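Student: Before I use the labels attached to this structure, I would like to know what each one rests on. Could we go through them in turn?

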Amino acid sequence: MNNSKLFTYLIASALSLFSLSSFAKSGCLACHDGIESIRDNKSAMMALIKARGVGYDDPEGCVICHGGDPTATEAEAAHSGSPGELKKVEGPQLFYPDPGAMDINKFTCGQAGCHQGYSERLEKSLMNTEAGKIQGNLHTWGIPEVQNYQVPWGNYDVTDDDGQEPAAGSDEYKRYMTAMIAAHPDQFPTELKQIPQPTVEEIEKDPKLAGFTYQRQQCQRCHVTVKGREKRGDYRGQGCSSCHIPYSNEGFYEGGDPTIDKDQPGHLMTHQIQGTREAVVRHGDIEYSGIPVESCNSCHNRGKRIGVTYQGLMEFPYGSPWTETGGKQPKLHTKQYLFISDDLHHQIKSRPENPQGGLLCQDCHTSIDMHGDGNIFGTTLAQVEVECQDCHGTPEQFPWELPLGHGEEFGKQLSSEPRGLAKMPGAEAAFGTLYPKRDGYLKTARGNPYGNVVKDGERVIMHSATGTDFFVPLLKQLKIDSAWRSPNAMVAMASVKKHAESLECYACHASWVPQCYGCHVKVDYGKDGDGKPLHDTDWVASGTERNADGSTAESPLGTKGIQSPGKVSETRSYLRWEEPVLGINGEGRVTPLMPGCQVLWTVIDREGNTLVHNDMAESEDERAMLGQTRTPLGIDMAPVQPHSAQRQARTCESCHNNPKALGYGISGGVFQARYPVDIVEDLIDQKTGKVIPKRHQIQIAAIKKLDFDWSTIIKDGEQTQTVGTHWPLSRSLPKEIRDGMERTGLCLGCHREMTNAELWSKVAKPGRLNDAEHIEMLNKLLRSYAETQKRGQAEPQN
């Protein structure tokens, strides 16, 4: 224990005895007796809080985070005062029900001596602006301001006033990011304006503007300024508390504070902070550390769905199997789920005698990935700094032998200079757990040290926030030791070097991806059954109306926030999970794709008239970028890191012998060919195709612009829909790659000779070869051919 921690430990011990003996059931505890201590009383953080609290007549330190007047004897007086930075001379501080909330967290979490700078970084990060989500979705609606990779809008106005050199990170990281921003200015805007909301009159004149209603009502509830939807699995706090305060899926308080309703959903589970290995949460007979995956999933269950996918879950519409009482599954995040297979990092066990589960999101993702670095980011790829190879390396190089930028080359040649190891962890280690550096800390692709991943001799150790330590498999060591799990792994990863050079690791290892094809959106500005105009919660407007205590228009439980005109309904065409389509991502690497925002829309006006029906945008900017004749539809197949990696990767055939993977659609696009026409199912005159009954209905309404199945991204050699809208390199697989990959029909090279009985009898045996025998036979043929070639070259030439 260093001197500063020893000092705070001694203070904490003394204050805990002092406060328990002299101040029990006085001050805040006169009402809140039994509430959990926000941190362990022996922790340095709690020592600092209590030491500061003494100066405000509050030895428990509640006022340091929550404000208020601890000397008051009535709740109303205790929860009053003026907002701002806590200063004794200003009198009582305004009570903050959620100290982590945006706008006031700079006075609480970010006050001097605590987590200074984090609130400013968080304000500009994607968790608050959601700028990339806004740009990507509105591009599918054909909104011109977001074409050509422009990112003009966020949830709120925000400006980067201090320049674009990162405010956080190592010197190496800052140099790397300065160069990256200079190369990609569109993806790092210096200013965002609040996403607008057109009037209903404007929308009726230009129905694609209904996309703004859809965005604000359906897509923006997950940013950290608002508290979010009051549904099972979606309960959380605001700002810092969104992640660092535990909320269960059911949303009930299970602690000892008598003033918190234990039967009203929407409350924190316990009044304790979760975060690092040292911040142990004690709840009943369970102790845990780190931020549980389900805390992240209160937001990361829609869009790319990476949170629930990491747990192995994919939404499906049936709700089976039956529960014990004969019902369907309870809805989680308003959905029901099918278990496919959780990500291998979620599955892993440390060792047989210590069989805890796998990694938390925070074990791989850095502080900058989550809080930002003080810049404004236009896309996820702009903010996230980690790559698989940072820990695992490649079959040819250990992680520390790789150059910075490996894995996100953006089509450029990298330096050959090894990134090496860091001698010190990042500055955030001051707020977390300091792990021994051993031989050194591994670095991210952008040059920041992983404070929890160290080289120790020939091993790499990842220290999980759960308290478990894991040995990281190193690909180069596997190659040296010939320790591959299978011959397939050896060939795919070590022998075919182009794979490691050109593919994301998860292009093969993410053998399943949630694929929600066709996002059918109806925006109705008409009236409900009582004749009242339809409306719903506008999450951006609700987060804009902020109170001095940090609350927003929607954050008090039971409120619905500010309403805006229109009501959105959504449905889909179909769901799949197997054999995702492949494409090129913004970094220039082969990656899985998933339906991003494959939006087609129907808009109803105030009088109940249909303004547009099953319409889709067309992406002229994508056509110009690709230089092709066909204009791609604005529906998007998005490059994704799906967080569904498996030990057993995709088979060779699932890519090289699969038209869908190559982008040609299911079975080469032969199905779902009648989208452009209405389909009537009734008595039909088969000679003319005319419907016989005069009274009939359209069974399946036409989608006139859709002349391919939803998974088709290449038709007649040209791209049919957008493939990512954030980075210039993202697109379908180019022809030269497809031609090099496609190996459909190669079995005929041998099996066409089965009709040649004389020849076939010389090479075939009675019965059927199994797969292993088949492979060995082909290997013998290859070796025999090589020997024949060798003899031919050795023969003298005439």
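**Labels and their grounds**

Student: Where is Pro321?

Tutor: The model is predicted. Pro321 is in the loop between β6 (313-315) and β7 (337-339).

Student: What kind of peptide bond joins Ser320 and Pro321, cis or trans?

Tutor: The bond is cis, with omega about -5°. Most peptide bonds are trans.

Student: Why is Glu130 called buried?

Tutor: Buried means under 20% relative accessible area. Glu130 has 8%, so Glu130 is buried. Glu130 is in the loop between α7 (126-129) and α8 (131-140).

Student: What is the phi of Glu130?

Tutor: Phi is near 50°, a positive value in a residue other than glycine. Most residues other than glycine have a negative phi.

Student: Why does Arg438 count as partly exposed?

Tutor: The label covers values between the buried limit of 20% and the exposed limit of 50%. Arg438 has 49% relative accessibility, so Arg438 is partly exposed. Arg438 lies in the loop between α19 (389-392) and β8 (440-443), and its phi is near 50°, again positive in a residue other than glycine.

Student: How do you know that Lys560 counts as exposed?

Tutor: Exposed means over 50% relative accessible area. Lys560 has 63%, so the label exposed applies. Lys560 is in the loop between α24 (539-544) and β14 (563-565).

Student: Which residues form the positive surface patch?

Tutor: Lys231, Lys328, Lys331 and Lys560 form the patch.

Terms used
Residues numbered from 1 in each chain as written. Predicted model: local features only at pLDDT ≥ 70, side-chain atom pairs only at ≥ 80, totals over all residues. Heavy atoms only, no water. Patch = residues over 30% accessible without salt bridge, like charges linked within 9 Å, V, L, I, M, F, W, Y side chains within 5 Å. Areas by Shrake-Rupley, 256 points an atom, 1.4 Å probe, with all protein chains shown as cover. Salt bridge = Lys/Arg side-chain N within 4 Å of Asp/Glu carboxyl O. Lys, Arg positive; Asp, Glu negative; His and termini not counted. Charge placed at Lys NZ, Arg CZ, Asp CG, Glu CD. Helix = DSSP H or I, 4+ residues; strand = E, 2+ residues; numbered from the N terminus. Buried < 20%, exposed > 50% of the residue type's maximum accessible area, 1.4 Å probe, protein only.
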